[in-house]
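Hi there,

Here is the structure I promised to pass on to you. Have a look at it first, and then read my notes below.

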Amino acid sequence: PRAATLARLGQARFLQGHPKVSQVFYPGLDDHEGHALNAKQSGGAGGLLSFELVKGSNIDRFLKACKICALAESLGAVETLLCVPAKMTHASVPAEERAKLGVTDTLLRIAVGVEDIADILEDLERALSRA
């Protein structure tokens with residue numbers, strides 16, 4: 001639905017403008033390399049986005065500060081879930097290969113759930129302030 005896509009886009013823009021976030025990967029953003037293709041082929045940018053914390057951030061403190069966004073390897077649920085690919089889905093990939101793929105130790109994936117977007121953003125803001 002359009003409202004959900006707009007909420008995700010708002011979340012991506014929030015992350016993009018945050019000083020603790022170095023990069024956001026979401027095809028709903030105008031500056032994403034896949035934006036035009038996504039717009040042509042789909043009705044929205046979807047509920048999954050990735051972002052990278054700035055160097056020197058503490059990902060463990062970020063995760064511990066989250067109260068709404070839950071840590072999970074599977075990103076298919078109705079609640080908002082976070083994944084740390086370097087420690088979870090890509091943990092068996094050698095570090096050199098992960099680096100080539102852009103899977104850094106501070107990369108996070110988030111699958112946006114059904115919670116109110118304001119609550120999710122508040123949760124992310126709290127976690128980012130502690131990262």
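Leu 124 counts as buried because its relative accessibility is 0%, where buried means under 20% relative accessible area, exposed over 50% and partly exposed in between (1.4 Å probe, protein chains only). A word on the source: this is a predicted model, in which local features need pLDDT of at least 70, side-chain atom pairs count only at pLDDT 80 or more, and totals for chains, interfaces and linings use all residues. Residues are numbered from 1 along each chain as its sequence is written, and side-chain values use heavy atoms, with hydrogens and water left out.

Leu 124 sits in helix α5; helices (H or I, at least four residues) and strands (E, at least two) are DSSP runs, numbered from the N terminus. What does Leu 124 touch, apart from residues up to four places away in sequence? Its partners are Gln 11, Phe 14, Leu 15, Phe 62, Cys 69 and Ile 110, with contact meaning heavy atoms within 4.5 Å. Gln 11 is 113 residues from Leu 124 in sequence, yet their C-alpha atoms are 9.4 Å apart in space.

The buried residues of α5 are Ile 120, Asp 123, Leu 124, Ala 127 and Leu 128. They lie on the same side of α5, because they cover an arc of only 130° around the axis (the arc of the directions from the helix axis to the C-beta atoms).

Next, the core. The largest nonpolar core has 28 residues, and Leu 15, Phe 51 and Phe 62 are among those with the most contacts inside it. Such a core is a set of buried Ala, Val, Leu, Ile, Met, Phe, Trp, Tyr and Cys residues joined through side-chain atoms within 4.5 Å. Elements that each supply at least two residues of this core include α1 (2-16), β2, α3 and α5 (117-130).

Phe 51 and Phe 62 are both buried. There is one aromatic pair in the model: the ring centres of Phe 51 and Phe 62 are 6.1 Å apart and their planes meet at 65°, so the pair is edge-to-face. For pairing, rings of Phe, Tyr and Trp (its six-membered ring) need centres within 6.5 Å; planes under 30 degrees apart count as stacked, over 60 as edge-to-face and the rest as tilted.

Finally, five strands form an open sheet with mixed pairing, in the order β1-β2-β5-β4-β3; two strands pair if DSSP finds at least two bridges between them.

Enjoy exploring!
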